[in-house]
Amino acid sequence: TARGTPHKPSPLDQAGFEVHECQMNAKWLMDHGVKAEHILEESSSLETVGNAYFTRVLHTDVAGLTRLAVVNNRWHMKRTRLVFEHVFGMAPDQGYTIAFYSVGDGLPKDVLERRLAKEEETLPKFAEGGPWRKHTANLRELHTWINLENTAYAAKRLFQERKPLDPKLADSY
């Protein structure tokens, strides 16, 4: 799971500290019987590409892990699958096996409709032959893209004015 999203601040705990998505998800898993030693939190990413990239470079490649379970909302699974299959299909081939699991949407109908429309708009960018894939053919190129082009991480974001987010989309984060 991820640290959070660049689209809105992370929730805070009672002491005023950020609570990351990965913490909430790890807690849920442990509350449902998964042992803590079977959970690796990915707390660096702020969006889907970063989630796949940081999972690969911080966990799977260095620890020799080859089986992944990717869990996401139904509305986000098409893009998640495109991104993870691309990132984990890059050389060096580690023989990854990825299982994808969709969970319920959990969004009001009007928010879900707006989110589904946004997801459909972004799919061509990540699809086979799409512009993102053309610029990220290997881990080195993906590293460069994450750090120089992706506005969730690239330093150039610090000089860009934040644009207001569609309120319906904001409710989906």
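Tutor: Happy to! A residue is called buried when its relative accessible area is under 20%, exposed when over 50%, and partly exposed in between, using a 1.4 Å probe and protein chains only. Asn72 counts as buried because its relative accessibility is 16%. This is a predicted model, in which local features need pLDDT of at least 70 and side-chain atom pairs count only at pLDDT 80 or more, while totals for chains, interfaces and linings use all residues. Numbering starts from 1 along each chain as its sequence is written, and side-chain values use heavy atoms, with hydrogens and water left out.

Asn72 belongs to strand β1, residues 67-73; strands (E, at least two residues) and helices (H or I, at least four) are DSSP runs numbered from the N terminus. Beyond its neighbours within four places in sequence, Asn72 is in contact with Met77, Thr80, Tyr101, Ser102 and Val103, contact being heavy atoms within 4.5 Å. With Thr80 there is also a side-chain polar contact of 2.9 Å, that is, a pair of N or O atoms within 3.5 Å, one able to donate a hydrogen and the other to accept it; residues adjacent in sequence count only if both atoms are side-chain atoms.

Thr80 leads us on to helix α3, where Arg79, Thr80, Val83, Phe84 and Val87 meet Thr48, Val49, Asn51, Ala52, Tyr53 and Arg56 of α2. The axes of these two helices come within 9 Å and cross at roughly 35°; they are lines fitted to C-alpha atoms over the stretch in contact, with angles from 0 to 180 degrees between N-to-C directions.
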